[in-house]
Amino acid sequence: QFSGVPISGGTAIDKAAIKTPVGVGSFGSLTGKLSELQADIDYHEANYLQAGTYINQGLGWAGDMFRGSPVGRRRVLIIITDGAIKDDDKLVSARATLNQESVEVFGVVLRRQATHTSVDTEAEAKLKPITSDPHDDHFENLMIDELPSKVLNGLCDPNSKWGALLMPGAANKNNNQSGVHKPCPQYTEQVLCTADPGCVYSSVGLECVDSPCVGHCNETVCTAD
């Protein structure tokens with residue numbers, strides 16, 4: 001199960017599926033709260049050229065919401081934008097909170113045309129560094145119509161790019177025995193370390209290390225440590 005929250009200055013439009021609670025919201029230059037998603041859509045259609053993408057406050061609220069989410073759920077935040085983030089230099093604190101709460105951050109830049117323009121390349125340059133490590137694995141630059149097929153529909157599919165990161169056991173994407181798809185010390189975030197069945201997070205050294213069970217037994221019954 002996943003916990004999803006809005007990243008905007010608005011109240012979430014929460015659609016609780018059977019196993020996947022998801023909150024939907026939007027971010028922008030508004031400081032007030034929006035109680036209806038449609039109201040947000042109407043605003044941005046009417047003020048498209050005036051709107052700016054400021055997410056610092058939204059990320060802060062997201063961190064607060066994740067803090068109260070049930071234990072045992074993957075905590076996933078997907079940021080979707082069609083323009084460059086304007087306050088990327090003010091996100092250190094909010095981003096640190098998300099790391100503290102073991103939130104895995106994904107990013108999507110949407111563009112209108114098949115060809116890239118300075119608008120979407122600038123947006124990519126601003127958004128990608130905010131995503132979880134490795135950034136390339138947690139980021140997409142897509143045409144608007146590609147969002148469902150290339151991102152949303154595959155979130156629960158372990159064979160998709162993002163599903164391979166999110167679904168249980170999907171870390172074994174190289175089909176090796178240990179389940180490690182990259183050296184454990186290369187994980188800089190605890191959430192990514194613990195998602196890899198071949199790695200464990202050391203509370204002593206505060207680093208990601210190889211599981212003591214790798215290569216000699218099933219981790220679920222391992223008594224090596």
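Visitor: Where is the place of Leu206?
Guide: Leu206 sits in the loop between S7 and S8. Keep in mind that this is a predicted model.

Visitor: What is phi of Leu206?
Guide: Near 50°, which is a positive value in a residue other than glycine. The hairpin of S7 and S8 that holds Leu206 has four residues between the strands.

Visitor: And is Leu206 buried or exposed?
Guide: Exposed, with a relative accessible area of 59%. The cut-off for exposed is over 50%, so Leu206 qualifies.

Visitor: How do S7 and S8 pair?
Guide: In the antiparallel sense, over four bridges. S7 covers residues 199-202 and S8 covers residues 207-210.

Visitor: Which residue stands opposite Glu207?
Guide: That's Ser202.

Visitor: Now the cysteines. How many disulfides does a search of the whole structure find?
Guide: Two. Cys184 and Cys199 form a disulfide with their sulfur atoms 2.0 Å apart, and another disulfide joins Cys193 to Cys208, S to S 2.1 Å.

Visitor: Is the link of Cys193 and Cys208 left-handed or right-handed?
Guide: Right-handed, with 85° about the S-S bond. That pair links distant parts of the chain, with Cys193 in helix H7 and Cys208 in strand S8, 15 residues apart.

Visitor: And the link of Cys184 and Cys199, left-handed or right-handed?
Guide: Left-handed, with -85° about the S-S bond. This pair also links distant parts of the chain: Cys184 is in the loop between helix H6 (163-166) and helix H7 (190-195), Cys199 is in strand S7, and they are 15 residues apart.

Visitor: Is Cys184 buried or exposed?
Guide: Buried, at a relative accessible area of 0%.

Visitor: Switching topics. Where does Glu104 lie?
Guide: In strand S5, which runs over residues 103-111.

Visitor: Why does Glu104 count as buried?
Guide: Because its relative accessibility is 1%, and buried means under 20%.

Visitor: So what does Glu104 touch, not counting residues up to four places away in sequence?
Guide: Quite a list: Arg74, Arg75, Val76, Leu77, Ser132, His138, Leu165, Leu166, Val191 and Leu192.

Visitor: Let's do the largest nonpolar core. Which of its residues touch the most other members?
Guide: Ile55, Leu59, Leu77, Ile79, Leu98, Leu127 and Ile130, out of 17 residues in that core. The elements giving two or more residues to this core are helix H2 (56-67), strand S4 (74-81), helix H3 (92-100), S5 and helix H4 (118-127).

Visitor: What is Ile130 in contact with, leaving aside its neighbours within four places in sequence?
Guide: Ile55, Ile79, Ile85, Leu91, Arg95 and Val105. There's also a second, separate core of 11 residues, which includes Val76, Leu147, Val151 and Leu155.

Visitor: Back to H2. Which of the residues of H2 are buried?
Guide: Gly58, Leu59, Ala62, Gly63 and Phe66. They cover an arc of only 140° around the axis, so they fall on the same side of H2.

Visitor: How far apart are the end C-alpha atoms of H2?
Guide: 17 Å, which agrees with the 16 Å that its 12 residues should span at 1.5 Å a residue.

Visitor: Where does Ser102 lie?
Guide: In the loop between H3 and S5. Ser102 counts as partly exposed, at 22% relative accessibility.

Visitor: Last one, zooming out. How many helices and strands are there in the protein?
Guide: Seven helices and eight strands. Of its 225 residues, 40% count as buried. Among contacts with a separation of 6 or more, residues 24 or more positions apart account for 56%.

How values were computed:
Residues are numbered from 1 along each chain as its sequence is written. This is a predicted model: local features need pLDDT of at least 70, side-chain atom pairs count only at pLDDT 80 or more; totals for chains, interfaces and linings use all residues. Side-chain values use heavy atoms; hydrogens and water are left out. Two strands pair if DSSP finds at least two bridges between them. A disulfide is a pair of cysteine sulfur atoms within 2.5 Å. Buried means under 20% relative accessible area, exposed over 50%, partly exposed in between (1.4 Å probe, protein chains only). Contact means heavy atoms within 4.5 Å. A nonpolar core is a set of buried Ala, Val, Leu, Ile, Met, Phe, Trp, Tyr and Cys residues joined through side-chain atoms within 4.5 Å. The expected span of a helix is 1.5 Å times one less than its number of residues. The arc is that of the directions from the helix axis to the C-beta atoms.
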